[in-house]
Amino acid sequence: MPNSGSNSIGLLDRSLVFITGKGGVGKSSVTAALGLLAAKAGKRTLICEVDAKGDVARLLDCEPSGFEPTEIRENLFLMAMNTEEALREYLRIYLRLPVVAMLGPLAKTFDFVANAAPGVQEILVVGKLCYEVREAKYDLILVDATSTGHIVSQLASPKGISELVRLGMVKDQVAWMEDILYDSLQTSVIVVATPAETPINEALELAERIDLETEVHLGALVVNKVMPELFSRSEEEFFTALKDPKVAKVLSRVVSSDIGLLLRGSSAALEMRRCAAPYVERLMGSSDTVPVALIPLMFGAGSGMKLVRDLGEALAAEWDELLWQG
Ligand SMILES: Nc1ncnc2c1ncn2[C@@H]1O[C@H](COP(=O)(O)OP(=O)(O)O)[C@@H](O)[C@H]1O
Ligand SMILES: [Mg+2]
């Protein structure tokens, strides 16, 4: 596992932070939680949903956004990535083509260009994000990024293109992106996993690939949905004592119901925590310098604002110094 570089500035003091990991681990939830924290702290924050499923909007109880950012809360903006719109914007800004003139031909040629040349889709995503950093309309851009497979090719795309095409104009066009993307004081990646074998393996593999195949700073690893310690050892002994069939029978009679269900629930909670422990330890022991945060599995928090607020509180409590230093 790589030992990533400088953590001398806070994660949320940077300009561009990608949140990635295997599907379902909580990328969108962590992105929304960080967005809320940053906005509350007074940072003008843009969240970009790359896969445009609208999950961040749902988590923040607002309408999904299009390519044009919408302000969903004070200091918090949301946009959905769209590579065709990104290309349109690029042509308008850099080649100064009038929008009307390019509408027809662009629609026809977009698929051809985007699918014919390797790395075009990726560079359009990264290019738009870097453009927003350069425009400096926001203090922070949080990217609810694609899952494991795609993110490496996106992060590596400027490097790949500049190696592929050494021509002046193309090289100049990607050089400024590399300056933003590969500067550890500006850009960082957070990898999210859950405490189970496949997500942890994928997170470790992804961290390795980010290190080897890109020059992007790996800022942190998050283990989300960690079963909290619901009771202490003495309470565990208490539950074990209750499992004695004679005791259970008496208790069931007292409450006029089978207390076996409750006891099985307590055993399941303990078992889940025990099973997860080795994976959490493996990730925590994987690097001396990349910080790891644990976020508990939130019971009954639903999948909207309450969950996002609870996640934010957990992250802030665990990571205060890592999030803000500036
Ligand atoms: N710490 C947590 N505790 C409980 N539920 C969570 C937690 N983190 C995320 N979830 C839930 O898990 C599901 C997947 O989360 P999501 O952020 O959409 O994952 P991803 O973006 O990685 O696919 C969602 O229903 C979300 O509400
Ligand atoms: Mg998601």
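User: Which residues of H3 meet which residues of H5?

Analyst: Contact means heavy atoms within 4.5 Å, and helices (H or I, at least four residues) and strands (E, at least two) are DSSP runs, numbered from the N terminus. In this predicted model, Thr83, Ala86, Leu87, Glu89, Ile93 and Tyr94 of H3 meet Gln121, Leu124, Val125, Lys128, Tyr131 and Arg134 of H5. By class, these residues divide into 7 nonpolar, 2 polar and 3 charged, where Ala, Val, Leu, Ile, Met, Phe, Trp, Tyr, Cys and Pro count as nonpolar, Asp, Glu, Lys and Arg as charged, and the others, Gly among them, as polar.

User: At what angle do H3 and H5 pack?

Analyst: Axes are lines fitted to C-alpha atoms, for helices over the stretch in contact, and angles run from 0 to 180 degrees between N-to-C directions. Helix H3 (residues 83–94) packs against H5 at about 60°, with the axes 9 Å apart, and the two are therefore oblique to each other (angles under 35 degrees count as roughly parallel, over 145 as roughly antiparallel, 65 to 115 as roughly perpendicular and the rest as oblique).

User: Is Glu132 buried or exposed?

Analyst: Buried means under 20% relative accessible area, exposed over 50%, and partly exposed in between, with a 1.4 Å probe and protein chains only. Glu132, which lies in helix H5 (residues 120–135), is buried, with a relative accessible area of 4%. Leaving aside neighbours within four places in sequence, Glu132 is in contact with Leu46, Lys137, Tyr138 and Ile141.

User: Which way do the residues of E5 point?

Analyst: In a regular strand the side chains alternate between the two faces of the sheet. In strand E5 (residues 140–144), 5 of the 5 residues are buried; Leu140, Leu142 and Asp144 point one way, and Ile141 and Val143 the other way.

User: Which strands pair with E5?

Analyst: Two strands pair if DSSP finds at least two bridges between them. Strand E1 (residues 16–21) runs parallel to E5, joined by 4 bridges, with Val17 opposite Leu142. Strand E2 (residues 45–49) also pairs with E5 in the parallel sense, over 5 bridges, and there Cys48 stands opposite Val143.

How values were computed:
Residues numbered from 1 in each chain as written. Chains lettered and ligands numbered in written order. Predicted model: local features only at pLDDT ≥ 70, side-chain atom pairs only at ≥ 80, totals over all residues. Heavy atoms only, no water.
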